[in-house]
Amino acid sequence: MVQPIDKRLDMVLTVATPINSYILSTIVKDNAVPINVFMNHGEIQVTFFLDNISANERALFASFDPIIVGNVMEITERIDSAVIRSIAENSQLVPTLADGEVYVKGKNIFLSFRFHSSDLLNVGKLIRKIVSLNDQLEEIQMNKSKGIVEVLNQISRRIPLSAVTFSFTKSGTQEFIAEWKAKSKDPLEGIMYSLQDTSEIKKYDFSKGPTSTLIESVYKDHIPLASYIELHENDRLRGIVHIPSCLLKSFLVRMYESLENQNDFRLDSIDDYRESQTKLSEFHII
């Protein structure tokens, strides 16, 4: 399902900026830690998802009012970053801007965004706003994108990913692929890719679709997804979601709460991530 749109957004913008984080300076993990970055009432928030937490860690972060889900501790911390704020407040300048990677390395936070080359002028405007800030910028790069499949591969090398596929019957017969833009100021904004015309990429409004409650629930609880993609084919919707494995249960609970009553709803598979899952041919329409 992913490969037909793999390199449709053919450019990538990557930014790295240092953040002053008590949690980041305190946690000691051998593996990468899943995080989510979002704006909340004008403040920048970073949620860290720590799995297999120890008793000492529970006590250490108790003042942050953590949420415990099984073996996962969710801790949210407010940070200050003019770079991240500028990106969040000006992302609407680039209509095709979609999520790439978000991760922490050392004391820096790395954010990458895929976009279409037709938006190069608009990305230039966004970069101008970023570099004009009186704030430290460790890295900024803009080059050809290796595609969303390679983004998923890179994420899976740092953090174990799970893939969930589901489907249900819907109204309408229009065929297209929709991708959710989790970092957008509009929580229900996405991108629509035509299956007939590879050059056609436009805005998609998930609020008008049957999965809006699921999208809203994931956004509200700040669950970081590696990707969320829907295939709309004739009268059936098929979704594939890539998510950090430690958060699989949290996502499944929200999926059932939101979609179980959809007509002929089916949970088709739950599996560890592998690149072969990204092929549209698995869904028998090519």
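This is a predicted model: local features need pLDDT of at least 70, side-chain atom pairs count only at pLDDT 80 or more; totals for chains, interfaces and linings use all residues.
Student: Happy to. Which residue of β8 is the bridge partner of T14?

Tutor: The partner has to lie in β8, which covers residues 139-144. For T14, that bridge partner is Q141.

Student: And how many bridges join β1 to β7?

Tutor: Here too the strands run antiparallel. The number of bridges joining β1 to β7 is eight.

Student: Nice. Which residues have the most contacts inside that largest nonpolar core?

Tutor: This core has 32 residues. The residues with the most contacts inside the core are F48, L50 and I84.

Student: Let me zoom in on L50. Leaving aside neighbours within four places in sequence, which residues is L50 in contact with?

Tutor: Contact here means heavy atoms within 4.5 Å. With those sequence neighbours set aside, the contacts of L50 are I27, V33, F61, N71, V72, M73 and I75.

Student: How many residues does the second, separate core have?

Tutor: Among its members are F168, L214, I223 and L248. The size of this second core is 28 residues.

Student: Now the open sheet of four strands: which are its edge strands?

Tutor: The order is β2-β3-β5-β4, with antiparallel pairing. An edge strand pairs on one side only. The edge strands are therefore β2 and β4 (67-69).

Student: Staying with β4, which residue of β5 is the bridge partner of I67?

Tutor: β4 and β5 pair in the antiparallel sense over three bridges. Across to β5, the bridge partner of I67 is E74.

Student: By how many degrees are neighbouring strands of this sheet turned against each other on average?

Tutor: Direction is ignored in this average, which concerns neighbouring strands in the order β2-β3-β5-β4. The average turn is 25°.

Student: On to helices. Are α3 and α4 roughly parallel or roughly antiparallel to each other?

Tutor: They pack at an angle of about 150°, with their axes 9 Å apart. V83, S86, I87 and N90 of α3 make the contact with L126, K129 and I130 of α4. Angles over 145 degrees count as roughly antiparallel. So the relation between α3 and α4 is roughly antiparallel.

Student: Is the crossing of α6 and α7 left-handed or right-handed?

Tutor: These helices pack at an angle of about 145°, with axes 8 Å apart. From α6 the contact uses T213, L214, S217 and V218, and from α7 it uses F251, R254, M255, S258 and L259. The crossing is right-handed.

Student: One last one: which elements do the buried residues of α6 pack against?

Tutor: In α6 (residues 212-220), the buried residues are S212, L214, I215, S217 and V218. One of these, L214, also belongs to the second core. The elements they pack against are β9 (161-169), β10 (176-180), β13 (227-233) and α7 (248-259).

Definitions and conventions:
Residues are numbered from 1 along each chain as its sequence is written. Side-chain values use heavy atoms; hydrogens and water are left out. A nonpolar core is a set of buried Ala, Val, Leu, Ile, Met, Phe, Trp, Tyr and Cys residues joined through side-chain atoms within 4.5 Å. Buried means under 20% relative accessible area, exposed over 50%, partly exposed in between (1.4 Å probe, protein chains only). Two strands pair if DSSP finds at least two bridges between them. Helices (H or I, at least four residues) and strands (E, at least two) are DSSP runs, numbered from the N terminus. Axes are lines fitted to C-alpha atoms, for helices over the stretch in contact, and angles run from 0 to 180 degrees between N-to-C directions. Angles under 35 degrees count as roughly parallel, over 145 as roughly antiparallel, 65 to 115 as roughly perpendicular and the rest as oblique. A crossing is left-handed if the near helix is turned anticlockwise from the far one by less than a right angle, and right-handed if clockwise.
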